[in-house]
Amino acid sequence: MYIPGHFREDRPDVLHDAMRRIGFATLVTQEAKRGLDANHVPMLLQEGESGLVLRGHVARANPVWKKSKAPALAIFLGPHAYVSPNWYPSKAATGKAVPTWNYITVHARGAIRWIEDTEWLRTHVGALSAAHEAGREIPWMISDAPMSYIDSMLKGIVGFELAVESLEGKWKLSQNRDQADHDGARDALRREGREDVARLMLRPETKPG
């Protein structure tokens with residue numbers, strides 16, 4: 001991924017927090033015959049036996065788990081929004097401005113292994129549900145469903161564990177603009193209801209940590 005210096009985010013705690021908050025990623029793998037393959041799945045960032053891992057699952061009918069054994073790439077895309085040049089005060093003064101896009105993303109690379117063990121899958125599905133049900137007034141739990149039903153559903157999936165060997169973060173949030181243009185874009189995004197992007201638009205020296 002191309003990352004100019006002013007857009008680079010490499011603080012582990014910020015990257016880990018973003019991955020956990022986003023919770024959904026594009027899993028890119030390599031197959032011998034088909035070449036690149038992409039699947040979109042929820043993932044959990046957790047501590048493994050030898051460091052951080054991303055855990056998820058795919059449908060057993062998906063051929064990716066039988067054919068992809070090479071290192072994989074998980075792409076987490078966070079809040080993103082179009083930025084109009086009309087929001088920059090400098091555009092009114094000089095006309096020298098073009099449209100762009102603001103976004104955050106984290107790329108995680110590492111070896112992937114596929115897991116068919118039923119108890120591993122049960123634990124994983126329980127943890128995945130708990131993570132996304134947290135905070136709800138009545139959170140759903142795997143024990144709410146009949147055991148026989150859960151057993152049958154587990155037979156239809158295959159798990160995976162991607163060992164996180166490297167992380168890259170890109171926070172493209174108008175850091176390359178002067179203060180007036182930066183604030184103009186942030187304020188306009190708020191007016192358009194895009195507080196999810198606007199709240200991330202802190203100056204580089206005060207990025208969220």
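Predicted model: local features only at pLDDT ≥ 70, side-chain atom pairs only at ≥ 80, totals over all residues.
**Helix α1**
- Helix α1 spans residues 12-22, and its buried residues are Val14, Leu15, His16, Ala18 and Met19.
- An α-helix makes a turn every 3.6 residues, so positions three or four apart point the same way.

**The open sheet**
- Six strands make up an open sheet with antiparallel pairing, in the order β1-β10-β7-β6-β2-β3.
- β1 and β3 (35-42) are the edge strands, each with pairing on one side only.
- Where does α1 meet this sheet? The helix packs on it and touches β1, β2, β6, β7 and β10, with its direction at about 80 degrees to that of β10.
- Two bridges hold the antiparallel pair β1 and β10, and in this region glutamate 9 stands opposite glycine 169 of β10.
- β7 and β10 also run antiparallel, joined by seven bridges; here valine 106 has glycine 169 in β10 as its bridge partner.
- Strand β2 (residues 24-31) pairs with β6 through three bridges in the antiparallel sense, and threonine 26 faces isoleucine 75 in β6.

**Threonine 29**
- Threonine 29 belongs to strand β2.
- Is threonine 29 buried or exposed? Its relative accessible area is 2%, under the 20% cut-off, so this residue counts as buried.
- Setting aside neighbours within four places in sequence, threonine 29 has contacts with Gly35, Leu36, Asp37, Val64, Ser68 and Ala72.

**Nonpolar cores**
- The largest nonpolar core has 40 residues, of which Leu27, Met43, Leu54 and Trp114 touch the most other members.
- Strand β6 (residues 72-83) is the top contributor to this core, giving five residues.
- Which residues does methionine 43 touch, apart from those up to four places away in sequence? They are Gly23, Ala25, Leu27, Leu54, Arg55, Ala74, Phe76 and Phe160.

**Aromatic pairs and a charge over a ring**
- The model has two aromatic pairs.
- Tyrosine 82 and tryptophan 101 have ring centres 6.0 Å apart and ring planes at 70 degrees, so this pair is edge-to-face.
- Because tyrosine 82 is in strand β6 and tryptophan 101 in strand β7, the pair ties together parts that are 19 residues apart in sequence.
- Tyrosine 82 is partly exposed at 39% relative accessibility, and tryptophan 101 is partly exposed at 41%.
- Tryptophan 114 and phenylalanine 160 also pair edge-to-face, with 5.6 Å centre to centre and 65 degrees between the planes.
- That pair links distant parts of the chain, 46 residues apart, since tryptophan 114 sits in strand β8 (residues 112-115) and phenylalanine 160 in strand β9 (residues 157-163).
- Tryptophan 114 counts as buried at 16% relative accessibility, and phenylalanine 160 is buried with a relative accessible area of 0%.
- Finally, arginine 177 lies over the face of tyrosine 88, at 4.1 Å from the ring centre.

Terms used: Residues numbered from 1 in each chain as written. Heavy atoms only, no water. Core = buried A, V, L, I, M, F, W, Y, C linked by side-chain atoms within 4.5 Å. Buried < 20%, exposed > 50% of the residue type's maximum accessible area, 1.4 Å probe, protein only. Helix = DSSP H or I, 4+ residues; strand = E, 2+ residues; numbered from the N terminus. Contact = heavy atoms within 4.5 Å. Pairing = 2+ DSSP bridges. Axes fitted to C-alpha atoms, helices over the stretch in contact; angles between N-to-C directions. Phe/Tyr/Trp six-rings, centres within 6.5 Å; stacked < 30°, edge-to-face > 60°. Lys NZ or Arg CZ within 6 Å of the ring centre and 35° of its normal.
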